[in-house]
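Here's a quick briefing to read with the model open beside you. It goes from the overall picture down to a few individual residues.

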Amino acid sequence: MTSTDFTYPQPTDDELASQQPRHPAPDAPLIYSSPGGAGPHCAAPHSPRTNSADATNSPALGRTAMVLSIVAGVLSVVASVILGATVGPSEAASGYYFTDTPDWYQSLAAALVGLQALCTGLGVTAIILGIVAAVTARGRTFGIIAISAAVVAPFVSFGTFIALSFAFA
């Protein structure tokens, strides 16, 4: 941060940072800590975060994201297989319009589309959790797998639906 008045130049942030010690003593107070709060390196005696290194580096977040993305992908593909395999024969038997199909098929199709919407929500949640896990190193590998699985799953599901709907038409 420099002054706009160039007759009295102020030190830059880099100059101020170079004046600080590189590795402060473990019991030294943080210089830029918030008032009244202990920083991440200084655990207060009354703080419940005494063993924070184990809790923050746990891969549970990445694993959760990966499980969510795999469950969403599998359910989405199953719904696409059922709907894709039945839409052609139903159209041939009942007629071109969706309202011409029997009520049980309309209910089945609505439930499968609802399942697709649920899988979409699970996939978006898995992407968000995977990004957080990858950035914060809380299961980075699992987070990256979750992101890639959640991104690829809609394409696989839609491709399966299209292929089966043309195959059974």
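This is a predicted model: local features need pLDDT of at least 70, side-chain atom pairs count only at pLDDT 80 or more; totals for chains, interfaces and linings use all residues.

In secondary structure terms, the protein has five helices and zero strands.

**The protein as a whole**

- Of the 169 residues in the protein, 20% are buried.
- Take the contacts in the protein between residues at least 6 apart in sequence: 66% of them join residues at least 24 apart.

**α3 against α4**

- Helix α3 covers residues 60-94, and helix α4 covers residues 103-136.
- The axes of α3 and α4 come within 8 Å and cross at roughly 155°.
- With that angle, α3 is roughly antiparallel to α4.
- The crossing of α3 and α4 is left-handed.
- Sorted by class, the contact of α3 with α4 holds 21 nonpolar and 11 polar residues, with no charged residues.

**α4 against α5**

- Helix α5 takes in residues 140-167, and its axis comes within 7 Å of the axis of α4.
- The two axes, α4 and α5, cross at roughly 150°.
- An angle over 145 degrees counts as roughly antiparallel, and α4 and α5 are therefore roughly antiparallel to each other.
- The handedness of the α4 and α5 crossing is left-handed.
- On the α4 side, the contact is made by Q116, G123, A126, I127, G130, I131, A133, A134 and V135.
- On the α5 side, the contact is made by R140, G143, I144, A146, I147, A150, V151 and S157.
- By class, the residues of the contact of α4 with α5 split into 11 nonpolar, five polar and one charged.

**The loop between α4 and α5**

- Two residues to look at here are A137 and G139, both placed in the loop between α4 and α5.
- Most residues other than glycine have a negative phi.
- A137 is not a glycine, yet it has a positive phi of about 60°.
- Is A137 buried, exposed or partly exposed? A137 is partly exposed, with a relative accessible area of 32%.
- G139, on the other hand, is buried, with a relative accessible area of 8%.
- Setting aside neighbours within four places in sequence, G139 is in contact with S58, P59, G62 and A133.
- Of those partners, A133 is also one of the α4 residues in the contact with α5.
- G139 and A60 are 79 residues apart along the chain, but their C-alpha atoms are separated by 6.5 Å.

**The loop between α3 and α4**

- T101 sits in the loop between α3 and α4.
- T101 counts as buried, because its relative accessibility is 7% and the cut-off for buried is under 20%.
- Which residues does T101 contact, leaving aside its neighbours within four places in sequence? T101 is in contact with S90, S94 and Q106.

Methods: Residues are numbered from 1 along each chain as its sequence is written. Side-chain values use heavy atoms; hydrogens and water are left out. Axes are lines fitted to C-alpha atoms, for helices over the stretch in contact, and angles run from 0 to 180 degrees between N-to-C directions. Helices (H or I, at least four residues) and strands (E, at least two) are DSSP runs, numbered from the N terminus. Angles under 35 degrees count as roughly parallel, over 145 as roughly antiparallel, 65 to 115 as roughly perpendicular and the rest as oblique. A crossing is left-handed if the near helix is turned anticlockwise from the far one by less than a right angle, and right-handed if clockwise. Contact means heavy atoms within 4.5 Å. Ala, Val, Leu, Ile, Met, Phe, Trp, Tyr, Cys and Pro count as nonpolar, Asp, Glu, Lys and Arg as charged, and the others, Gly among them, as polar. Buried means under 20% relative accessible area, exposed over 50%, partly exposed in between (1.4 Å probe, protein chains only).
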